[in-house]
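Open the model in your viewer and keep the selection panel at hand. The tour goes from one selection to the next.

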Amino acid sequence: MTGGHDRLARHIVDLPKSGIREFFDIVSTRRGVISMAVGEPDFDTPWHIREAAIHSLEQGCSHYTGNAGLIELRRAIADYVRARFGAAYDPAHEVLVTVGASEGLDNTLRALLNPGDEVLYHEPCFVSYGPEIAMAHGVPVAVETHVEDNFRLSVEALEAKVTPRTKALLVNFPNNPTGAVLEEADVRAIADFVLRHDLILISDEIYAELTWDGRRHVSFASVPALRDRLVLLHGYSKAWAMTGFRMAYVCAPAWIMETILKIHQYGIMCASTASQYAALEAMRQPEEDMAPMLRAYEMRRNFLRTSFAECGIPMHNPAGAFYAFPQIARFGLSSREFAVRLLEAENVAVVPGTAFGPCGEGFVRCSYATAMEQIKEAVTRIARFVRTL
Amino acid sequence: MVESLLEILRNNAKESPANMAKMLGVGVDEVEATIARLEQEGVIRGWQAIVNEDLLDGRHVTAVIEVRVTPEREGGFNRVAEQVSRFDEVDAVYLMSGGYDLLLFVSGESLLAVARFVSEKLATIHGVLSTATHFKLKTYKQSGVLMAKPGADARLAVTP
């Protein structure tokens, strides 16, 4: 049999390769790299959570669970979402446990889109959004966010891109890669936009607990008018440092959830049982588990902000997630050139802003999910590097 | 700010005031003044290294000793506890609830030295009813620090 792209699915073959992947290949050829390019916590999952997964295996919990996930877990999720996000979901019909928020997003897009439907999303953004929309036969329509607005999403920018074919808006705040958060007024204005154009809102709030300067995350789920048209994505990867467990969930009104669940049930069956028991344990004392990690992230964020200012690298105030998005345009290099030359000169890895969309040009993403000692060394090296430019 | 500052110092007492100022988002002067005040108030009682004694060549023995004491009409356990605390061999003294009264951490050059301290000095103090000595065999974790060297970062170097 002869191979060839014409025998493969065109809408997948045509997807661009991930910019992150390309950079990973460059970084992985080197030794001793200090990496600020990692999009996951450096902390290990709290021990009592890991222990709960081990215990579940010892008890023989190695079978399928119900498609939507353990009902105890879904109840705990509904309680948490009510307390933390301000929205009530029925654990029996409106909560689904997924394999990472990415599965939840994929299912949601497949449940909503007919070929040619447009989905608005904002850039710079997590690398998967555009491709996931395209994989669901939708048309990704990027809306730019800008450093001048602290990378918040403006309704003016949305209005310029909305069309009669627009089906949904996909948002992610606190944001990867910019660290941007939304104010309550932004949330209300975007909610009005969604209602005005009769759209579905998909809100990836995976970094919800990671907000700084004493702020508290404002969830789209807290807007009652959005109740019947909101798909909320959240999970355990970031705030509980549980990336490898691949544990997340979708909350959505029953009329959408029914279809999302159908995809999950045919495609996945159920999320990993041991991971679900770990997630259930994670719901027991969330504040206590997160507090030390959150304090560490905020101190590192503060350290980076002052250090970049001292070496003349401008940066907006990253008020959430664990990413800083400094502006390196003034050094006369493209984002990619900056990242590659920094790697070659100082063995420090940062991710070119363009990996997160074309408007990330002029920026690099520095993750501070890295031990303080590493951050200190990285900043010293970055300062030395920019002096040579 | 004091709590955050102490958290940094508990983690790394050698952290520079300049770095702490950056982490806390305050001036260096404020950090230095706060540390000076905490030292003066006795909140910060000293600055020590966390040493893994198991890796040192010199012989070093640590024991945990449970001590039962007759409480006194005036001052309860204080007189005996303070007297015990003055010995150089004694690293730490705590008043405990439960089956005994004082818990001591004692170190010495050898088993014999510690045993001699218990029999000749500790047990003979007026008011000490009994002692139970447990010798430490190996340290796994101390002052919140695992004694095993951490493994390499298991994460991929670049992820989205």
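Start where the two chains meet. In this predicted model, 13 residues of chain B are in contact with 23 residues of chain A. Select α1 (2–11) and α2 (17–24) of chain B: these are the elements that give two or more residues to the side of chain B that touches chain A. Of these residues, four come from α2(B), which is the largest share. Colour the side of chain B that touches chain A by residue type, and its residues divide into six nonpolar, four polar and three charged.

Next, select chain B by domain. The domain assignment gives domain 1 as residues 2–41 and domain 2 as residues 53–137. How far apart do the C-alpha centres of domain 1 and domain 2 of chain B lie? The distance between these centres is 34 Å.

Now select chain A. A cartoon view shows 13 helices and 12 strands. Chain A has a radius of gyration of 21 Å, which agrees with a compact globule, because a globule of 389 residues would have a value near 21 Å.

Stay with chain A and look at its interior. Buried residues account for 51% of the 389 residues in this chain; a residue counts as buried if 20 or more other C-beta atoms lie within 10 Å of its own.

Last, consider contacts in chain A between residues at least 6 apart in sequence. Of these contacts, 75% join residues at least 24 apart.

Key:
Residues are numbered from 1 along each chain as its sequence is written. Chains are lettered from A and ligands numbered from 1 in the order in which they are written. This is a predicted model: local features need pLDDT of at least 70, side-chain atom pairs count only at pLDDT 80 or more; totals for chains, interfaces and linings use all residues. The radius of gyration is taken over C-alpha atoms; the globule rule is 2.2 Å times the number of residues to the power 0.38. A residue is buried if 20 or more other C-beta atoms lie within 10 Å of its own, exposed if 12 or fewer, and partly exposed in between; C-beta atoms are placed from the backbone. Two residues are in contact if their C-beta atoms, placed from the backbone, lie within 7 Å. Domain bounds come from an automatic or database domain assignment. Ala, Val, Leu, Ile, Met, Phe, Trp, Tyr, Cys and Pro count as nonpolar, Asp, Glu, Lys and Arg as charged, and the others, Gly among them, as polar.
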